[in-house]
Amino acid sequence: MPARILVVEDEPAIQELIALNLEQAGQHPVMAASAEEGLRRIEEELPDLVLLDWMLPGQSGIELARRLRADARTRALPIIMLTARGDEEDKLRGLETGADDYITKPFSMKELQARIKAVLRRRAPEITEDAVEFHGLRLDPATHRVTGGGETLPMGPTEFRLLHFFITHPERVYTRSQLLDQVWGDHVFIEERTVDVHIRRLRAALEKSGHETFVQTIRGSGYRFSRP
Ligand code: CA
């Protein structure tokens, strides 16, 4: 699944260059020219990562990063700051604001990709290609295959994404709205009942190896993935 990367950058030339590069790397760039526009894009659809320019017209990148960290919905959103300044003090201030990393302009596209991959691996393991395992259940994004107790478990693409998220985020309760944000990337246009439908299908797919009991309903809250 391509990572949705929101690029908040007001210089058209840099914006274009980054967008082109992200597309070539198989990612899905979403562009915004100001902090305000960036915030609107995030409200529409939660990205997997934000590339955030420090110097923006209107609200600065730092202020936007601070806002994202203060909001429960966007608190864990990975942020890489783009800065034209090489000043150590500014870098520290950027990291204090809650940015996961920073890149000083001018930067190479190779460096940008390396930073993006490192941050995603750390903050959002469900969108990397690394195979993951949980108590006998194995999911491999590269081959798009799930096995449980040695058996292949066929499932649809949404169930696959849901399981990928669960295996990389076990033992925590997620509301339907949070799952829509994290797995569908959209909490506005899809009904919460959709989550229940796919949870049911996921459980059915996991029955063959007896892992269906790992998908637990937490009454009044949502769902948790845990060994019973
Ligand atoms: Ca700028």
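Modeller: Happy to! Let's start with His-135, which is partly exposed at a relative accessible area of 44%. Buried means under 20% relative accessible area, exposed means over 50%, and partly exposed is in between, using a 1.4 Å probe and protein chains only. This is a predicted model, where local features need pLDDT of at least 70, side-chain atom pairs count only at pLDDT 80 or more, and totals for chains, interfaces and linings use all residues. Residues are numbered from 1 along each chain as its sequence is written, and side-chain values use heavy atoms, with hydrogens and water left out.

Colleague: Where is the place of His-135?

Modeller: His-135 sits in the loop between β6 and β7. It has a positive phi of about 45 degrees although it is not a glycine. Helices (H or I, at least four residues) and strands (E, at least two) are DSSP runs, numbered from the N terminus.

Colleague: And what phi does His-144 have?

Modeller: A positive one, about 60 degrees, and His-144 is not a glycine either. You'll find His-144 in the loop between β7 and β8.

Colleague: What order do the strands of the open sheet have?

Modeller: The order is β6-β7-β8-β9, four strands with antiparallel pairing. Two strands pair if DSSP finds at least two bridges between them. The edge strands are β6 (132-134) and β9 (151-152), each pairing on one side only. Strand β8 (residues 145-148) is joined to β9 by two bridges, and Gly-148 stands opposite Glu-151 there.

Colleague: Changing topic: which residues are the protein donors of the calcium ion?

Modeller: They are Asp-10 (OD), Glu-11 (OE), Asp-53 (OD) and Met-55 (O), lying 2.1 to 3.1 Å from the ion. Donors are N, O and S atoms within 2.8 Å of the metal (3.2 Å for Na, K and Ca), and water is not among the atoms, so sites may look incomplete.

Colleague: How are those donor residues spaced in sequence?

Modeller: The spacing reads D-E-x41-D-x1-M. Asp-10 is in the loop between β1 (4-8) and α1 (12-24), and Met-55 is in the loop between β3 (49-53) and α3 (61-70), so the pair ties together parts that are 45 residues apart in sequence. Asp-10 is partly exposed, with a relative accessible area of 29%, and Met-55 is partly exposed at 48%.

Colleague: What is the bridge partner of Asp-53 in β4?

Modeller: That's Leu-82. β3 and β4 pair in the parallel sense over four bridges. Strand β4 (residues 79-83) also runs parallel to strand β5 (residues 101-104), joined by four bridges, and Leu-82 stands opposite Ile-103 in β5.

Colleague: How many of the residues of β4 are buried?

Modeller: Five of its five. Ile-79, Met-81 and Thr-83 are buried on one side, and Ile-80 and Leu-82 on the other.

Colleague: What do β3, α3 and β4 make?

Modeller: A right-handed β-α-β unit. A crossover is right-handed if, with the strands pointing away from the viewer, the path from the first strand over the helix to the second runs clockwise.

Colleague: Is Ser-60 buried or exposed?

Modeller: Buried, with a relative accessible area of 19%. Ser-60 lies in the loop between β3 and α3. Leaving aside its neighbours within four places in sequence, Ser-60 is in contact with Ala-35 and Trp-54, where contact means heavy atoms within 4.5 Å.

Colleague: Now helices: which residues of α8 are buried?

Modeller: Val-195, Asp-196, His-198, Ile-199, Leu-202, Ala-205 and Leu-206. They pack against β7 (137-140), α6 (157-168), α7 (176-184), β11 (215-218) and β12 (222-225). As for length, the 14 residues of α8 (residues 193-206) should span 20 Å at 1.5 Å a residue, which agrees with the 20 Å between its end C-alpha atoms. The expected span is 1.5 Å times one less than the number of residues.

Colleague: And which residues in α7 are buried?

Modeller: Leu-179, Leu-180, Asp-181, Val-183 and Trp-184. Just after α7, Gly-185 takes a positive phi of about 75 degrees.

Colleague: Last one: where is confidence lowest?

Modeller: In helix α4 (residues 88-96), with a mean of 69, while β11 is highest at 97. The protein averages a pLDDT of 90, and 94% of the residues score at least 70. pLDDT is the predictor's confidence in each residue, from 0 to 100. Where pLDDT is low, the predicted coordinates should not be read in detail.
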